[in-house]
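Visitor: I have this one open now. Can you walk me through it?
Guide: Go ahead and ask.

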Amino acid sequence: MTRPRAGKGALRFVLGDQLTRSLSALDGLDPAVDTVLMVEVAEETSYVGHHKQKIALILSAMRHFAAELRDEGIRVDYVRLDAAGNTGSFGGELARAVARHLPEAVYVTEPGEWRVWAMMQDWREELPVPLHIRPDARFVCSREDFGAWAQGRKSYRMEFFYREMRRRTGLLMDGDDPAGGQWNFDHDNRKALPEGVTEPERETYAPDETTRAVLDLVAQRFPDNFGDLEPFRWGVTRREALRALDSFIAEALPRFGDYQDAMQTGKPFLFHGLVSPYLNLGLLEPLEVCRAAETAWRQGRAPLN
């Protein structure tokens, strides 16, 4: 392969579930010369059958994140799903972007899926410029740390790993001991739902112009995917995700533990958090969610279980 003439800046590739301003791929970004690449590709919307709202949530959150970066004065090369010439794959769009920008190097944060990790190994071989894969510091435990913990163990019980993470982070700990004197409160979390229980109101968000355009695109491109597209009430920005977290902590967390295993027809959410989509996208980070829950307990706003 003929090596293109390198430019002065770097290309920083941000994936659709990495919508975090402190992402390692963005560390050291120089707005004067660097470019952030974000792409919507058919391969990622169709490798399994996704719910229509999931596709819409990811695409809208990506577009809003790109707009926030631009508001900071950062150059963003954003390829939409219906853009002319879109190759439909991460690798294809990354190669096209390298040809457009002629960067000195490409920076990316390691993905959360082995499927995409395997792709990145191919990019290293195929790209005419260096590819730097940085660790994802959003995880409480790195792959290396988990490997060290798992070394020599005959079994991998979540309970023991969980205890180690509690010790490491100090979450719900009183010195060297677990808060409340025990590690596990599962026996307190299996209560039956009382008759006539009232669910808390949920934080919802009306689609703005960007989200409405995405909803129209998904309706057109994915008519046979399962699930209803409307009503769409998810937050699509970090600000909205933080509001959803605050709402959960205030309204649902106090009874979440008691009824976390309960189910009832017609009540799809009960007291669950509904924050995992925001965690999965990167709009919230794991430790900030854990610490918000811990703070509520320490302030007497939620029981320990």
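Guide: A word on terms before the helix pairs: axes are lines fitted to C-alpha atoms, for helices over the stretch in contact, and angles run from 0 to 180 degrees between N-to-C directions. Also, this is a predicted model.

Visitor: Fine. At what angle do α3 and α4 pack?
Guide: About 35 degrees, with the axes of helix α3 (residues 90-101) and α4 10 Å apart. The crossing of α3 and α4 is right-handed.

Visitor: Which residues meet there?
Guide: From α3, Phe90, Gly91 and Leu94; from α4, Val116, Met119 and Trp123. By class, that contact has five nonpolar residues, one polar and no charged.

Visitor: Tryptophan 123, then. Buried or exposed?
Guide: Tryptophan 123 is buried, because its relative accessible area is 4%, and buried means under 20%. Its place is in helix α4, residues 114-126.

Visitor: What is tryptophan 123 in contact with, leaving aside neighbours within four places in sequence?
Guide: Phe13, Phe90, Gly91, Leu94 and Leu131. Leucine 94 is 29 residues from tryptophan 123 in sequence, and their C-alpha atoms are 8.6 Å apart.

Visitor: Other helix pair. How do α5 and α6 pack?
Guide: Helix α5 (residues 143-150) and helix α6 (residues 158-169) pack at about 125 degrees, with their axes 12 Å apart. α5 and α6 are therefore oblique to each other. Their crossing is right-handed.

Visitor: And which residues make the contact?
Guide: α5 brings Asp145, Phe146 and Trp149, and α6 brings Phe160, Phe161, Glu164 and Arg168. The residues of that contact divide into four nonpolar, three charged and no polar.

Visitor: Let's move to the core. Which residues of the largest nonpolar core touch the most other members?
Guide: Val36, Met38 and Tyr278, in a core of 51 residues. Elements that each supply at least two residues of this core include the strands β2 (35-39) and β3 (75-79), and the helices α2 (52-71), α7 (209-221), α8 (238-259), α9 (276-281) and α10 (286-298).

Visitor: Which of them gives the most?
Guide: α2, with nine residues.

Visitor: Now the backbone. Where is the cis peptide bond?
Guide: Between glutamate 230 and proline 231, with omega at about -5 degrees. Proline 231 lies in the loop between α7 and α8.

Visitor: And what about phi of leucine 270?
Guide: Phi of leucine 270 is near 50 degrees, a positive value in a residue other than glycine. Leucine 274 is not a glycine either, and has a positive phi of about 55 degrees.

Visitor: Why point those out?
Guide: Because most residues other than glycine have a negative phi, and most peptide bonds are trans.

Visitor: Where is leucine 270?
Guide: In the loop between α8 and α9. Leucine 274 also lies in the loop between α8 and α9.

Visitor: How is leucine 270 classed, buried or exposed?
Guide: Leucine 270 counts as buried, at 3% relative accessibility. Leucine 274 has a relative accessible area of 23% and is therefore partly exposed.

Methods
Residues numbered from 1 in each chain as written. Predicted model: local features only at pLDDT ≥ 70, side-chain atom pairs only at ≥ 80, totals over all residues. Heavy atoms only, no water. Helix = DSSP H or I, 4+ residues; strand = E, 2+ residues; numbered from the N terminus. Parallel < 35°, antiparallel > 145°, perpendicular 65-115°, else oblique. Left-handed = near helix turned anticlockwise from the far one by under 90°. Contact = heavy atoms within 4.5 Å. Nonpolar A, V, L, I, M, F, W, Y, C, P; charged D, E, K, R; others polar. Buried < 20%, exposed > 50% of the residue type's maximum accessible area, 1.4 Å probe, protein only. Core = buried A, V, L, I, M, F, W, Y, C linked by side-chain atoms within 4.5 Å.
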